[in-house]
Amino acid sequence: MRGRAVSRAAAWSCAALVIGCTAKHDSSATTGAPPRTAAAEAATPAAQPALPPVSLPDLSGATAAAARQLREQYAVLERERDDPATPPADLADSYGAMGQLLLAAEFRDSAAACFLAAQVLAPDDMRWPYFLGHLYRINGATGKAAAAFERALELKPGDGATLAWLGEVYLDQGRPEAAEPLFARALSIDRRAAAASWGLGRAALARRDFSRAVEYLEQTRALDPKASIVHYPLALAYRRLGRTGDADAHLRAKGDIEVTLADPLMDALASSVRSEFVLEHLGVRALNNRDFTAAASYFRQAIEMAPDEASFRHRLGTALALQGDVNRAVTEFQAVLRRSPNFASTHYALGVLIAASGHYDDAITQFSAAVKSNPGYVEARLQLADTLRRSGKLAESLAHYEQVARLDPRVADAALGLAMALTGLGRYQEASDRLAAAMQIHPTRPAFAHGLVRLYAAAADERLRDGNRALTMARDLVAREQPTADLAEAMAMALAETGQYEDAVTWQREAVSLAARSGRADLSQRMAENLALFARHQASRRPWRVDDPAEASNASGAF
């Protein structure tokens, strides 16, 4: 995702734009003048520059609120355009305001014409080339985008957002050496500008300066800890430095939450049209920034505008659940299902909340409804399989794990869950074979090697159980990986199976502690059972507890 910058506000305004602009980014280009009155024509000086034609686009697909706002602004623009006494700067502001509304409402061609007209009328106002830069960049016209951002930067040399966006364009063009000074300037202006260190890290990575890339990317993580997008390039840099353990850890943590960029112009644009869909986008941005209170407020406003739109109420339920208000979240999800009983995402989200409370049968009902409504819903089917297994319905879970693997072989949790279910059914050799195969398919997922250690250490079938093999594997894993509760417990199991109970107790205590420190009090309590077992000088004969979750991959979120 190199070059996809940085703030969610800017990302919403730009990420979906696929622009077919044909207006030239050249103030001398003339495609015709807008209609004017006879009095205006008579009063227009001979040197008055011609402006690109701007008309109101077809608003039949716009929401009522957005259409009303666009018509009102267009009426203002027409009055000022037809009045020969309107100062050029005021007329430029009207064109620019119209362009911003059009862009926010996703009428991109008309927006580009407005910004071009504003730029002709007010060539020293950096806002108009700045907005044009975004339009050109998303259209893939990186040359025009660079020229527009360069002009904006000439007009406002210290603007951090312009520096960052121009740097992004240079990275898109494969010019890290040109991007690097821009990001460095932005960082010198604001030492806490995460977007600047993010750009410097990727520029260094592109130049194969992996040490410098790690330095700046780690700085980005410190400045913006929620930005999970940083983990993937960090993994690449660490791998090229030979630090495979760090590389694997960051690869498992990778996500798509972008680096925050303070960008007042794009933030204002994103909220300029008060439609329910804009409010939804603002709510999603707030969710990504973990501002759940603001997200809930935006979604409530969207519901007021469109009370019959199920997706807005579903998102409100999501925000409430993430805020910790589970009861109200359940109420919102139930309201969605009364209106839209086949809304698969809501069945899924409701199932997640119910399963977390331990009511597995009710959760299974919700997950089953989700996959009935959408048979290809991988996340819901995986949750159905996992909940069936954790409720003791092991045989029923197998088919759903297999179906998830067919739908998306990349889902590592399905392979682990299947092995766990087979183990619970006493089919140890099949479980071992599945784990060994999964290690080849998912080489960066350590949970499969951990699972094999558990099987060799604790399988009830002595034909498969091999304590020495389990201990050798566990020691190799401990030498290469950052300790986790799962690995510490696997090591304890292997030690107990080989009769080293004192060491097993030490490692199991570490597992309990790691689980507690990671916020998994439930897991910590369950692990205490093995701690008591090893203290009595008894080995485990249960590789996994019945309700252990299958966690082979980094989940991106419950909802």
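1. Ground rules. In this predicted model, local features need pLDDT of at least 70 and side-chain atom pairs count only at pLDDT 80 or more, while totals for chains, interfaces and linings use all residues. Residues are numbered from 1 along each chain as its sequence is written, and side-chain values use heavy atoms, with hydrogens and water left out.

2. Cores. A nonpolar core is a set of buried Ala, Val, Leu, Ile, Met, Phe, Trp, Tyr and Cys residues joined through side-chain atoms within 4.5 Å. Buried means under 20% relative accessible area, exposed over 50%, and partly exposed in between (1.4 Å probe, protein chains only). The largest nonpolar core has 80 residues, and Tyr 95, Phe 115, Tyr 130, Val 230 and Val 259 have the most contacts inside it. Helix α5 (residues 108-121) gives the most to this core, with 10 residues. Another core, of 50 residues, lies apart from it and includes Trp 544 and Leu 464.

3. Helix α4. Helices (H or I, at least four residues) and strands (E, at least two) are DSSP runs, numbered from the N terminus. The expected span of a helix is 1.5 Å times one less than its number of residues. Helix α4 (residues 88-104) has 17 residues and should therefore span 24 Å; its end C-alpha atoms are 24 Å apart, which agrees. Of its 17 residues, 12 are buried, among them Leu 91, Tyr 95 and Met 98. Glu 106, which follows α4, has a positive phi, near 75 degrees.

4. Aromatic pairs. Rings of Phe, Tyr and Trp (its six-membered ring) pair if their centres lie within 6.5 Å; planes under 30 degrees apart count as stacked, over 60 as edge-to-face and the rest as tilted. The whole structure holds seven aromatic pairs. Phe 115 and Phe 131 are stacked, because their ring centres are 5.0 Å apart and their planes are at 20 degrees. This pair links distant parts of the chain, with Phe 115 in helix α5 and Phe 131 in helix α6 (residues 127-138), 16 residues apart. Both residues, Phe 115 and Phe 131, are buried.

5. A second pair. The rings of Trp 128 and Phe 131 have centres 6.4 Å apart and planes at 35 degrees, so this pair is tilted. Trp 128 and Phe 131 are three residues apart in helix α6, so about one helical turn separates them. Trp 128 is buried, with a relative accessible area of 0%. One aromatic cluster is formed by Phe 115, Trp 128, Tyr 130, Phe 131 and Phe 149.
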